[in-house]
Each structure stands twice: as structure tokens, then as C-alpha cells.
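Welcome, and please have your viewer ready.

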Amino acid sequence: MAKESKTKSFVLRVDSDTMDAIEAWAADEFRSTNGQLQWIINEALRKAHRLPSKKREDTDNDQEE
């Protein structure tokens, strides 16, 4: 069975220079802009040890592979 993931939508205001940089970074990483923003947020939360322990363990296990 596939792992279920619940997502929430919200509006984010970003200045045009920042958005241009995010879009370019996303293109370099072959991700969508939304996917890049999710990755950036997840990395920041992981590095700050702010993710729930289950999510942090999943992320740590992904890096070990």
C-alpha cells in the first residue's frame, strides 16, 4: 500500500527577484517550483530538528540509502 501524504494549500507572497531565483534553482534541479519550495522548507526544518520524529527518521533513512 502506498504511503498516504496529506497536504495543505496556502498562498505565499514572494518578491519577484526571490521567485526568479527559486524558479531558476528548480529548473537546475529538474523540479517544479512547488517541489523546490517544498524541498527548501523540508531541508530547513530537518536541519533545525523541527520535523516530527517519524518524518525526520524517514528523511534520515533516505539519506543512508
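The tour below starts with confidence and then turns to a few side chains.

This is a predicted model, where local features need pLDDT of at least 70, side-chain atom pairs count only at pLDDT 80 or more, and totals for chains, interfaces and linings use all residues. Residues are numbered from 1 along each chain as its sequence is written, and side-chain values use heavy atoms, with hydrogens and water left out.

**Stop 1: confidence.** Colour the chain by pLDDT, the predictor's confidence in each residue, from 0 to 100. The chain average is 86, and 77% of the residues score at least 70. Helices (H or I, at least four residues) and strands (E, at least two) are DSSP runs, numbered from the N terminus.

**Stop 2: two rings.** Rings of Phe, Tyr and Trp (its six-membered ring) pair if their centres lie within 6.5 Å; planes under 30 degrees apart count as stacked, over 60 as edge-to-face and the rest as tilted. How many aromatic pairs does this rule give? The count is one aromatic pair. Select Trp-25 and Trp-39: their ring centres are 5.6 Å apart and their planes at 85 degrees, so the pair is edge-to-face. Trp-25 sits in helix α1 (residues 16-28) and Trp-39 in helix α2 (residues 33-47), 14 residues apart.

**Stop 3: the surface.** Buried means under 20% relative accessible area, exposed over 50%, partly exposed in between (1.4 Å probe, protein chains only). Trp-25 is partly exposed at 36%, and Trp-39 is partly exposed at 31%.

**Stop 4: Ile-40.** Select Ile-40 in helix α2, which is partly exposed at 27% relative accessibility.
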